[in-house]
Amino acid sequence: MQVIQSDVVIIGGGGAGLRAAIAVAQEAPGLSVALVSKVVPMRSHTVAAEGGSAGVIHPDDSLDKHFDDTVSGGDWLCEQDVVEYFVGQCTREMIQLEQWGCPWSRRDDGSINVRFFGGMKSPRTWFAADKTGFHILHTLFQTSLQFPAIQRYDEFFCTDLLVEDGRLQGVLALCIATGEPVLFQCKAAVLATGGASRVFGQNTNAGIVTGEGMGMAYAQGVPLRDMEFVQWHPTALPGSGILMTEGCRGEGGILLNKDGHRYLQDYGLGPLDPWPRPRAMELGPRDRLSQAFWHEDQAGRTLQTPHGTAVHLDLRHLGEKKIMERLPMICELARTFAAVDPVTAPIPVRPAVHYTMGGVLCDVHGATPLPGLYAAGECSSVGIHGANRLGSNSLAELLVFGRAAGLSAARHARETPAASAALQAQAESRAAVHLDMLRREGGTRVARLRQRLHEIMEAGVGIVREGPRMAQACEQLAELREQFRAGVALDDRGRAFNTEWLTAIELGHTLQVAEAMAHAALLRQESRGAHMRIDGFEARDDERFLCHSLIHSQGDAPPRVTHSPVTITRSQPRARVYGGAAQNQS
Amino acid sequence: MSQTRTIMIECLRYDPEQDQAPHYRTYEVPFTDEMSVLEGLQYIKDHLDGSLTFRWSCRMAICGSCGCMVNHQPILSCQSFLRDYYPARIRVEPLEHFPIVKDLVIDQSDFLGKLESVTPYLVPAQPLTPEDGPNLQTPRQIEDYLGYAQCINCLLCYAACPQYGLNNAFTGPAALALLARYNADSRDAGQKTRMEVVNAEEGVWGCTLVGLCSEVCPKHVDPARAINRNKINSTQDYFLRFLAPFGRGS
């Protein structure tokens, strides 16, 4: 087996991974960095982020406001000390990107322009038209090319984290082009593999967002935290799930039911006027908006489309000039994928899974409980999103915590001796398990297993949840995992660029992540943020559930869930209100 | 649901572990009006033949993974629709001018090397830190480079470029557009470094102005214009070198 030695291995070449790699190369010179990614970095899902990234710079804004919006937006399940650090670092990172060439949208005088996003007291979202993630990702990728310390391994698929003597010492990967296993021996690794939204069928995410990074850490005993909190973005195209950015509403877009009524005023987000105003109506948080859609749908006030029910996102009143300047990609996407021109017609939209608030447990430095393993970005649960992520906080998170995790990993690497010799045997035995899949006969097709997973999750762990249905999902997932273990039928038995095989390995991780979500959801007997129950647990219950869920893998058996306290520094939980009520409160 | 029809999709197949040469295989694919070519390929992989191999990811024309030739035209399979080809059969092949790794997957390493060769990052006149605050840059100054910054590296322009097909030493459209993007940025002072790439034989002078790159670009980057602009810069650079002792200082 090929062995590659590197001080720091970074798994994932999206925003968090690239930011971590640059941090090591720039701020910890002398260390070698292997950037290992299953796609060429600029294909990573960061590329699809549209609306923008948070950073306090507007004269009306303050770090306190960013802190409050984030903590209340997360329904008080955020780690407040981590949020404090986060809001203090965001603007620095936005400026750093500016100095690396990111084409932030500007005001006429050349200064940075910011827009409103949902749940914000002041405009705080830095944006590059409606292609913010694209520009951030390409800026980071291109900037990374000036650092010779960063050695890229594009299209290497990581399958396992390798632990010896109680610390992470290596990463096993398959070179996709040849299918050959490669052992990366390292002193520290940063997991930056993105979220797991592809656990669900209706989602806004790229096909690569399958949660295997979470699965790899989980398999090594690292708990996943708060996995029951899954974000449905309220405005995606029915069918494809393609995202219509929150920036549409930030720029003044409105949501209408089939009667042309701005229904959000009926769900604690009104009154209608004055409009626009922050934290009200269409500028409410994503969990509330997606839940409001569900109620409208139940009441039969949604529109029928060939791909399910929908409401209308109306931008027409913004006028062609503003739409083309601020939302050019939205226009193209709507025209291409929904055959609707937003300049002249409203866009049918419905909620779709968008983001996993939970992830691999880590602290403010990105350190997980496994020595040598760090995590950053959507795969991690550093604690800033709580029960509902605020739009614009995830791009900022990639940068702030990508850098932090990179620097922590670098420090750890400097203090750690070289890898143990026993690692190679472990790598060989794990590689043999994967290669064996190519020889096995019989089993179920990947597409069938995946389809079943989507059905179970949509039915049991959707926007609105009930105990019996979640319990049923847990049972069905156990059966599905059993079916997976019994064998996956592969048409392709070769090693070279065998995406069917890789998808099967990936699916093994995805199934475990799904199971973690379902079990954590079942045990949380309250409604908080994106976790909404309608079976007698409609209210938030701080007495019993102002706590994180920690999900521990039990191998082939269903997981064990424990709870841990939430760090509260200066914001005591209070009623989470938006619209008119919010103005009375502050 | 819209009406389901059936289209024949003929795919180039090549398995480096088994095949001496590429061959074709045809699949019968049921489709509805909104189905893209990519979704057609996914249907084949999920239901008919799991060994068909192609790259894809975002399925919304921003990640640049899914470029291929459909009926000899380079396209993004995610935003090309089966309805537009029906009732004729379609032929799907890997992007032209690149070595085939397997089926529709090409080796993109030559392009990545070219991208790296153009100093594709800001070279500031003075070193800056975040504590210095953001540079000022007016919307008009952004317009100078924003078009070139839209490139998603999908490689359709390389597949369309006859020059690259004849001689792949040519730096090529996307990389030269990226070079133009940084040269045109008011925050950048790296033009001098990049002129070496521009002036080289495989730089802008390799282009014969066919312009197909701009025609096939799904993001309207207009690499042909970028290359032309570089040619003007290159010409100026050439003449200025004679004048250097007087004109430019040393």
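Domain bounds here come from an automatic or database domain assignment. I am reading a predicted model, in which local features need pLDDT of at least 70, side-chain atom pairs count only at pLDDT 80 or more, and totals for chains, interfaces and linings use all residues. Residues are numbered from 1 along each chain as its sequence is written, while chains are lettered from A and ligands numbered from 1 in the order in which they are written.

**Chain B, domains.** I looked up the domains of chain B and found domain 1 (5–106) and domain 2 (109–247). Their C-alpha centres lie 31 Å apart. I then checked the contact (C-beta atoms, placed from the backbone, within 7 Å): domain 1 of chain B gives 12 residues and domain 2 of chain B gives 13 residues.

**Chain A, overall.** I looked up helices (DSSP runs of H or I, at least four residues) and strands (E, at least two), numbered from the N terminus. Chain A has 16 helices and 24 strands. I noted that the C-alpha trace of chain A spans about 70 × 55 × 50 Å along its principal axes. Residues 24 or more positions apart make up 76% of the chain A contacts with a separation of 6 or more.

**Chain A, burial.** I took a residue as buried if 20 or more other C-beta atoms lie within 10 Å of its own, exposed if 12 or fewer, and partly exposed in between. Of the 586 residues of chain A, 63% are buried.

**Ile10(A).** I set aside the neighbours within four places in sequence and listed contacts of Ile10(A), among them Gly17(A), Val33(A), Val36(A) and Val190(A).

Definitions and conventions
Two residues are in contact if their C-beta atoms, placed from the backbone, lie within 7 Å.
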